[in-house]
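Here are my notes on the structure you asked about. Please read them with the model open beside you.

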Amino acid sequence: TATLPVHSGEPDFHIIQQWHNLLKANAMTVHTNLFGGQHGYLALFLSPTAYVLISPAAINRPAHPGALVIPVHTTQHMARTMTDAHKENMRIFRECTGVEAALTQQLVEAIDPIYLEALCDATTNAIDLPIYDVMRYLYDTYRDISPETLEDERQKTNQLTYDPALPVDVIFTNIVKFCNLAEAARSPLSQKQSIDFAYNAFRRSGAFTKYLIEWDEKPTLAQTWIQFKIDFRSAVKKLKKTRALQVSHMHANLVNNIVSGVQEAFQSTVDSSKSYSPPPSITPTDQTDDTSLMTLQMNAVNDSSILAMQQQIQQLTQMVSQMQANQHGNQQNQFQGYQGFRGGRQGYRGRGGGRRGRGRGRGGRNGRGYQQPNQVQQNQHPNPFVQQNHQQQQQQQQQGFPRTYNRYCWTHGACGHSYNICNSPAQGHCYEATFENKMTGNN
């Protein structure tokens, strides 16, 4: 058996709890068939509410059997049976009383006698109370468990989450510890409340949905703390075998890392904003001109982090604007080219009501097929002599000279320009095409 540490002075909650745990361990080392026969004399230190968490048996302390009375005319065999039963009951009573007295003596030797005088009998100078009542007296008199402390421990227990990296019994042990604390604070938990703590711990992990559903389907009488531990120890074993717990744990860690990263980034942003002091307000006076006021305001905003952030924002804004402008320009060029093709090649009238165009890219002056003078330069021929001939043809058209069609173009067929100076060739234009060899060109 373990020896209790000696404490001088008034005991506090922690030393009382240490004594209590050592005494319970010593009580379990003494074997007995009482209280279910599995935990020794541990039941002497627990209330029925606490003992049901570890054993389905009831706490029935053996009482003194009293004097043996054998009725008259009892047979000799029956009298012998009654005598043997009385002796056994007396032995059990004396054994239980002796174990309890030995445990009480251990406590008396560890604490100053002045703190147990209220429990001593004035005649025998001995403590005749059960050990459970003695511990109850110490907790009630010298404990310092405030309601706030109990509520904090309740919140911690309610936020437990199963961790696959730890043994499953860590969850059960933490809940039992809180149950003992609550009992010491005269606020014991029911078996249902203890099960709810464990139920939530496994539910938060996200890997025990199937087993939680099976638990809810059990009859109420079968939903005991002991059965809950048996079922979920088995569930953990099955999930580990299929590696389902590892995958679930990995996903949970990934989510936690993402959340932590976002929180850290947000916190750093908040800290930066707190450390930044806004520029002082500047009130213009009669002696302050506009130039000096602008200089003061620009000098006030000198925080390096703010300036760097503004520069990044400006760069991103310029990049987005440039991309949008390029995309808009490409769309406009494609649209104008298509409309010029319709107005010139097919001779459609422009929307502006101009005269009907004859060549590709021509049309009404205000119509879609019309090409502005500044856009003609974009289609200049690389050969200067060809370009000069093209300009002369345009001047003749403007002066009203009749246009000749004695030349062949692969794109436009019979036209006034040669194949090698076509200003608006179609895709796949063949510059070698002639009237004799059209090369599948336009008729």
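Predicted model: local features only at pLDDT ≥ 70, side-chain atom pairs only at ≥ 80, totals over all residues.

1. Length of helix 1. Helix 1 runs over residues 13–28, which makes 16 residues.

2. Buried side of helix 1. Which residues of helix 1 are buried? They are Phe13, Ile15, Ile16, Trp19, His20, Leu23, Lys24, Asn26 and Ala27. Note that the list includes the residues Lys24 and His20 as well as Leu23 and Ile16. The partners against which these buried residues pack are helix 3 (76–110), helix 4 (131–142) and helix 6 (169–184).

3. The second largest pocket. Its volume is about 660 Å³. The lining has 27 residues, and the closest to the centre are Asn21, Lys24, Leu46, Val176 and Asn180. Two or more lining residues come from each of helix 1, helix 4, helix 6 and helix 9 (225–241). By class, the lining of this pocket holds 16 nonpolar, six polar and five charged residues.

4. The cavity. How many cavities of 30 Å³ or more does a search of the whole structure find? The search finds one. The largest cavity holds about 50 Å³ of space. Its lining consists of Thr49, Ala50, Leu53, Cys179, Glu183, Pro188 and Leu189. Helix 2 (48–51) and helix 6 are the elements that give two or more residues to this lining. Five of the lining residues are nonpolar, one is polar and one is charged.

5. Aromatic pairs. The whole structure contains 16 aromatic pairs. One of them joins Phe202 and Phe228, with 6.0 Å from centre to centre and 55° between the planes, and is classed as tilted. This pair links distant parts of the chain, since Phe202 sits in helix 7 (residues 191–205) and Phe228 in helix 9, 26 residues apart.

6. Burial of that pair. Are Phe202 and Phe228 buried or exposed? Phe202 has a relative accessible area of 0%, so this residue is buried. Phe228 also counts as buried, because its relative accessibility is 0%.

7. The aromatic cluster. Phe202 and Phe228 belong to one aromatic cluster, together with Tyr162, Phe172, Phe208, Trp215, Trp225 and Phe232.

Notes
Residues numbered from 1 in each chain as written. Heavy atoms only, no water. Helix = DSSP H or I, 4+ residues; strand = E, 2+ residues; numbered from the N terminus. Expected span 1.5 Å × (residues − 1). Buried < 20%, exposed > 50% of the residue type's maximum accessible area, 1.4 Å probe, protein only. Contact = heavy atoms within 4.5 Å. 1 Å grid on protein atoms, 1.4 Å probe; cavity = no way out; pocket = protein on both sides within 12 Å on 5 of 7 lines; lining within 4 Å. Points joined across faces, edges and corners; volume = space filled by probe spheres on them. Nonpolar A, V, L, I, M, F, W, Y, C, P; charged D, E, K, R; others polar. Phe/Tyr/Trp six-rings, centres within 6.5 Å; stacked < 30°, edge-to-face > 60°.
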